[in-house]
Amino acid sequence: MTQTGAGTSAGNFLRRYWWPVAAAADLDSEPVMPVRILGEDLTLFKDMRGNIGLIGDRCAHRAISLAYGIPQENGLRCCYHGWTYDTAGHVVDMPFEPACLPLKVKAYPVEVLGGLVFAYLGPPETQSLLPRWEAFAREDLDTRIRFVPLPSNWVQCMDNSLDPVHFELQHVVAVVAVQMLEVHRVEGIERQRIGLQAPPGLRGRRRQRRLDDRPSDRLPVHARGGNRRARVPDSGAD
Ligand code: FES
């Protein structure tokens, strides 16, 4: 279950979905970048016509890393002898050879949506349309894209994300607590409202207990701050 490489059970399952692999804007400043996804090392590139490709990371000639490739009008040129690959992984140019041999490296379909480059690594017969979820498809939203490396297995991430007690206790409480501690750091200010509404998880009469009614050693470690204790602002009507 923890293995995601091609041919593994979880790898086959996860290859039924589209995966974000980069921010589209990053390809403008860095048109060739290595990508590791589902246990595969690949090369993402944008050619000089603006086409985006996701192909194997090794040249079919002498296995040089294509992450050192050079974008061309018709694809990505290997930096070593100049073989050029199009976005489908076909060799389209072989300098100093009498003919261009019909060689190919692996390549995966990509699409841009919501500022992200999505890739599909599964078999063509199960490829679905890239879901146009509202958050990705709406064009009237300000979008910020941030990639955060998580040094853990994907199963741990999923287990963590689906754990509502952990989420509400650690993240919601800790975020409010840290913000409040920032306020208390200002010299001379002992009590100050910062105008934040208590997050939904802390609203309601039973949950309006102030955190400083509890012993500090019961707070999450993020919320402790010497003698300072976090205070949850009044939440208003609800
Ligand atoms: S190693 Fe890439 S063209 Fe020779």
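In what order do the three strands of the open sheet come, and is the pairing parallel or antiparallel? Hi everyone, let's start there, keeping in mind that this is a predicted model. The order is 1-11-10, and the pairing is antiparallel. Strand 1, residues 18-23, and strand 10, residues 110-113, sit at the edges with a single partner strand each, so one side of each has no neighbour in the sheet. From one strand to the next, the twist averages 35°.

Let's look at one of those pairings. Strand 1 and strand 11, which covers residues 116-120, run antiparallel and are joined by five bridges. If you'd like a pair to click on, take Ala22: its bridge partner in strand 11 is Val117.

Now, the chain as a whole. Its secondary structure comes to five helices and 11 strands. There are 238 residues, and 19% of them are buried. As for contacts between residues at least 6 apart in sequence, 47% join residues at least 24 apart.

Last stop: Pro31. You'll find Pro31 in the loop between helix 2, residues 26-29, and strand 2, residues 32-37. So is Pro31 buried, exposed or partly exposed? Pro31 counts as partly exposed, because it has 18 C-beta neighbours inside 10 Å, and buried would take 20 or more. Leaving aside residues up to four places away in sequence, Pro31 touches Phe45, Lys46 and Pro71. Asp47 is worth a look too: Pro31 and Asp47 are 16 residues apart in sequence, and their C-alpha atoms are 7.4 Å apart in space.

Conventions
Residues are numbered from 1 along each chain as its sequence is written. This is a predicted model: local features need pLDDT of at least 70, side-chain atom pairs count only at pLDDT 80 or more; totals for chains, interfaces and linings use all residues. Two strands pair if DSSP finds at least two bridges between them. Helices (H or I, at least four residues) and strands (E, at least two) are DSSP runs, numbered from the N terminus. Axes are lines fitted to C-alpha atoms, for helices over the stretch in contact, and angles run from 0 to 180 degrees between N-to-C directions. A residue is buried if 20 or more other C-beta atoms lie within 10 Å of its own, exposed if 12 or fewer, and partly exposed in between; C-beta atoms are placed from the backbone. Two residues are in contact if their C-beta atoms, placed from the backbone, lie within 7 Å.
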